[in-house]
Amino acid sequence: MMTKLLKLLVLMLLTTALVQAQPVPGDDENIPNLITFGADGETSWGDPNFCQIIFFTVPESHTAPIYIKVYDPDCGGENDELQGVWNTSTCFSIYGGQGSCSNEDAKKLNLDGDYDEGTLLASKTFGDEPEYDRSWYTFGPINPSEGEYLPEEGGYVFKVIVEGLSGDDGNMYQLFMSTQMDELSEVEGGYAFYYKYTIRLHDNPRELSHIYPYVNDSSIVSIKQTNFDWDNDGWIIVRSVATAGQMMKISKDDEWISSLYTIKPAEYNTSLDIQMKKHPSGSIRNNNVVIYFENQYGELLKSYSVPIGGVPKYKGKPEAEEL
Ligand SMILES: [Ca+2]
Ligand SMILES: [Ca+2]
Ligand SMILES: [Ca+2]
Ligand SMILES: [Ca+2]
């Protein structure tokens, strides 16, 4: 009896690990939802430019078709933020081909220039549609070779642009790259990354959320984090292999704020663990925020929905390691 139960538990754990490996937001991030407001929304609600861009990489070794799935793509019913009446249209578009992901404009903060360069592979606009409320919409099948081949990413990269076309409500959603049309089944070795995140924080102050920017280059001496509309909700704390915990500045309502963090040599080629700890009063609800990271050259850092190298663990003072 016990053995049977144990086997079932192990199987459940394995399945969970497989199924949960490729969502955006990722499991380790513990962020409830991405959010994009309609273009008529107020910036003080937490989304200053009504657009979100997320990238998915399919490793070269994976040649079977992939699917990009969106949870709750509609803006209405559950899992969305109502302002007045539901009147918001949100467009989800998948791009591949040359320039789609390598174009510098796609890595910038604002919708300027050629951020939408590339071949439009699929696109769908959603309004208040009960059919898609709390359920998945699936783009695909998509042939991996339709992505942009980027050797530095180890394969083919796709760009997902989510734009709030009109209306003023907040559309919350999650993304997932899958090998199956009707299942959440991870692409082995695949991953998602982004340069800027517009997200909904938990209401429960006991939940700790994370973002994992990757320090990819030994020429990085410092990073500047910038956040928007944090509503003074708690703390943003950096943890890493070399830092036990250091505060970053947080913004107030409808405000941008930045602060610098000095990179230590031990942090090269590791992920930082940016912890977002809410104010313990729990009085700040429905908090939508934006966050991004730049190096000292003003280039945006990539963050990965599954941290590269795993969640970084503080290893004590770097000098202590040399003793
Ligand atoms: Ca509305
Ligand atoms: Ca919904
Ligand atoms: Ca939604
Ligand atoms: Ca906010």
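I began at Phe55, which stands opposite Phe193 in strand E12. The model I am reading is a predicted one.

Entry 1: I then listed its partners. Strand E12, residues 191–194, is joined to E3 by three bridges, and the two run antiparallel. Strand E10, residues 155–166, also pairs with E3 in the antiparallel sense, over nine bridges. In that pairing I noted Pro59, which stands opposite Gly155 in E10.

**Entry 2: the contacts of Phe55.** Which residues does Phe55 touch, leaving out those up to four places away in sequence? I recorded Cys101, Val157, Phe158, Lys159, Ala192, Phe193 and Tyr194.

**Entry 3: the nonpolar core.** I next examined the largest nonpolar core, which has 69 residues. The members that touch the most others are Phe55, Phe56, Ile68 and Val160. At least three residues of this core come from each of domain 1 (24–200) and domain 2 (204–316).

Entry 4: I noted the division of the protein into domain 1, residues 24–200, and domain 2, residues 204–316. Their C-alpha centres lie 22 Å apart. To the contact, domain 1 gives 28 residues and domain 2 gives 23. I asked which elements give two or more residues to the side of domain 1 that touches domain 2. They are E12 and strand E13, residues 196–200. E13 gives the most, with five residues. Sorted by class, this side of domain 1 has 14 nonpolar, seven polar and seven charged residues.

**Entry 5: the whole protein.** I counted two helices and 23 strands in the protein. Along the principal axes, the C-alpha trace spans about 60 × 50 × 50 Å. I compared the radius of gyration with the rule for a compact globule: 323 residues would give a value near 20 Å, and the protein has 20 Å, so the two agree. Of the 323 residues, 45% count as buried. Finally, I looked at contacts with a separation of 6 or more, and found that 81% of them are between residues 24 or more positions apart.

Technical notes:
Residues are numbered from 1 along each chain as its sequence is written. Chains are lettered from A and ligands numbered from 1 in the order in which they are written. This is a predicted model: local features need pLDDT of at least 70, side-chain atom pairs count only at pLDDT 80 or more; totals for chains, interfaces and linings use all residues. Helices (H or I, at least four residues) and strands (E, at least two) are DSSP runs, numbered from the N terminus. The radius of gyration is taken over C-alpha atoms; the globule rule is 2.2 Å times the number of residues to the power 0.38. A residue is buried if 20 or more other C-beta atoms lie within 10 Å of its own, exposed if 12 or fewer, and partly exposed in between; C-beta atoms are placed from the backbone. Two residues are in contact if their C-beta atoms, placed from the backbone, lie within 7 Å. Two strands pair if DSSP finds at least two bridges between them. A nonpolar core is a set of buried Ala, Val, Leu, Ile, Met, Phe, Trp, Tyr and Cys residues joined through C-beta atoms within 7 Å. Domain bounds come from an automatic or database domain assignment. Ala, Val, Leu, Ile, Met, Phe, Trp, Tyr, Cys and Pro count as nonpolar, Asp, Glu, Lys and Arg as charged, and the others, Gly among them, as polar.
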